[in-house]
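These are my notebook entries on one structure. I looked up a few places and wrote down what I found.

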Amino acid sequence: MILLDSTWKIGYLICFMRVCLFLARSLKELDMAKVKFFSGKSLPLEMHKVRIVQKLFLPPVERRVQLIAEAGNNTFLLQNKDVFMDMLTDSGVNAMSDLQQSAMFRADDAYAGSETYNRMVAKVREIFGLEYFLPVHQGRAAENILATALVKPGDVVPMNFHFTTTKAHITRMGGRVEELIVKEALEPINDCPFKGNFDLERLEALIQEVTPEKIPFVRIEAGTNLVGGQPLSLENMRGVSAICKKYGIRLVLDASLLQDNLHFIKQREAACQNLSIREITAEIAALMDIIYFSARKLGFGRGGGISIREKEVEQRMKEFIPLYEGFLTYGGMSVREMEAIVVGLDESMDEDIISQGPMFIEHMAKELHKRGVPVVLPAGGLGCHINASEFVAHIPHEQYPAGALAAALYIASGVRGMERGTLSEQRNEDGSERFAELELLRLAMPRRVYTLSQVEYAIDRVEWLWKNRELIGGLTFVEEPKVLRFFFGRLAPIGDWQEKLAAKFREDFGDSL
């Protein structure tokens with residue numbers, strides 16, 4: 001009786017989920033995000049309601065000085081219990097929907113032949129249209145498989161811009177990365193709507209220079225993580241694809257941040273404004289030979305995958321999945337997370353859902369810009385990016401201005417941001433610093449997590465810090481790993497600027513936290 005009762009409940013739950021999904025799809029044509037305020041205000045409107053909450057804590061400023069010192073002035077090493085607003089990343093920290101949570105109950109735990117895996121494969125094929133799929137536990141795992149299978153010593157991998165772990169995997173295999181982003185990307189403020197675009201002339205010139213045989217693939221990152229989350233246009237991706245086809249080179253898409261890029265294409269590219277998000281996705285996918293993604297971003301879950309057009313390439317990659325990830329039907333992911341990702345991928349095709357992040361980011365960037373704070377404009381995806389080179393212009397590159405600003409912001413607010421500058425680069429082979437083209441402090445906007453009042457709090461504290469920026473000093477390494485040093489390296493402040501900053505905070509804010 002117990003077994004029958006449990007089976008009936010699960011069946012009822014699955015039936016209810018299907019009805020909810022049907023209703024959600026039926027309403028997808030209603031553009032709920034186009035809501036105007038009678039007052040004339042322009043505000044991002046949350047198209048969801050909060051059902052589960054987590055209590056936050058804000059340590060006093062004196063304690064925040066101690067905590068950032070204990071963390072080696074590296075925001076990655078702060079403990080979450082000591083963080084008021086976690087704007088470090090949007091990776092794996094996005095809020096799941098009710099439909100995602102309920103989908104987790106139907107997971108098939110079978111080690112092999114899992115129905116959960118079959119559902120994930122079907123959904124990825126439905127969205128991207130590529131025949132073959134390999135599961136991995138997150139995006140950098142896909143990069144490892146990709147580099148291990150395709151990159152040889154002496155190879156060159158052109159891309160619009162590198163991501164930290166992507167570059168590390170390619171150089172680990174003896175290859176090198178060539179960044180070919182348009183010049184507008186390296187200007188913090190201009191009116192270019194697609195600052196993530198490839199420079200097509202430079203791409204073709206590079207192919208002719210190194211020869212196609214030395215290029216295992218061209219990589220598109222949509223959008224660009226390290227230069228302000230800036231998007232590419234569909235037109236530019238078509239141009240890259242045409243060049244790759246001309247020279248017989250595979251085209252690879254890192255789709256981890258694709259949902260923001262889809263939003264920007266629909267909003268900013270005139271030829272795409274009458275296309276649905278699914279139609280734009282299909283147009284992009286048709287250009288690609290391989291699409292990989294971190295579902296910690298795309299899909300609002302914790303996992304990832306690689307979609308592949310050619311069977312021969314799938315065969316080369318497949319053998320590395322059991323070696324590095326797990327069996328072919330789960331690739332290191334929990335089957336419950338896989339079920340949530342299936343629903344999350346559907347939600348990533350909903351304009352009302354994917355517009356929330358970019359709208360909140362744009363609001364934050366515009367409000368800071370009004371207050372004179374130097375930010376990257378037009379606002380991109382992933383987060384609001386503060387131009388540390390201008391914010392703390394008195395701090396030289398070798399003292400890590402973006403890292404120093406991240407430490408200062410935590411002291412001023414309890415907000416944890418992420419350094420995206422020289423600290424995030426690898427040193428040159430001779431040990432010298434490779435100075436970043438942009439020194440940015442990224443304030444990521446996890447999807448469906450923070451309210452507008454919390455964003456306004458962060459804006460307020462950034463403005464105060466801007467008014468007191470002359471108090472911020474530099475950092476120096478005390479423990480420096482050779483690879484991906486920004487994750488777990490430790491630094492110390494140069495001088496006693498952090499204590500002076502805390503004293504000024506107490507003077508201005510009194511007994512406020």
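I count a residue as buried under 20% relative accessible area, exposed over 50%, and partly exposed in between (1.4 Å probe, protein chains only). The model is predicted, so I took local features only at pLDDT of at least 70 and side-chain atom pairs only at pLDDT 80 or more, while totals for chains, interfaces and linings use all residues. Residues are numbered from 1 along each chain as its sequence is written, and side-chain values use heavy atoms, with hydrogens and water left out.

Entry 1: I started with cysteine 384, which is buried because its relative accessible area is 2%. A disulfide is a pair of cysteine sulfur atoms within 2.5 Å, and I found 0 of them in the structure. For cysteine 384 the nearest cysteine sulfur belongs to cysteine 192, 18 Å away.

**Entry 2: a sheet.** Helices (H or I, at least four residues) and strands (E, at least two) are DSSP runs, numbered from the N terminus. Two strands pair if DSSP finds at least two bridges between them. I looked up an open sheet of 3 strands, in the order E9-E12-E11 with antiparallel pairing. Which strands stand at its edges? They are E9 (383–387) and E11 (418–420); each has a single partner strand, so one side of each lacks a neighbour in the sheet. E9 is joined to E12 (residues 440–444) by 5 bridges, and asparagine 387 has leucine 440 as its bridge partner in E12.

Axes are lines fitted to C-alpha atoms, for helices over the stretch in contact, and angles run from 0 to 180 degrees between N-to-C directions. Helix H15 (residues 356–370) lies across E9 and E12, at about 25 degrees to E9. Helix H17 (residues 401–413) touches E9, E11 and E12, and its direction makes about 45 degrees with that of E12.

**Entry 3: cores.** A nonpolar core is a set of buried Ala, Val, Leu, Ile, Met, Phe, Trp, Tyr and Cys residues joined through side-chain atoms within 4.5 Å. The largest one here has 60 residues, and Met364, Ile386 and Leu443 are among those with the most contacts inside it. H17 gives the most to this core, with 10 residues. Apart from it lies another core of 53 residues, including Ala107 and Val342.

**Entry 4: arginine 250.** I found arginine 250 in the loop between helix H8 (234–247) and strand E6 (251–254). Is it buried or exposed? It counts as buried, at 19% relative accessibility. Its side chain makes a polar contact of 3.2 Å with that of glutamate 310. (A polar contact is a pair of N or O atoms within 3.5 Å; within protein, one must be able to donate a hydrogen and the other to accept it, and residues adjacent in sequence count only if both atoms are side-chain atoms.)

**Entry 5: backbone.** Most residues other than glycine have a negative phi, and most peptide bonds are trans. I noted a cis peptide bond between leucine 377 and proline 378, with omega about 0 degrees. Proline 378 lies in the loop between H15 and E9. Threonine 211 has a positive phi of about 80 degrees and counts as partly exposed, at 32% relative accessibility.

Key:
Contact means heavy atoms within 4.5 Å.
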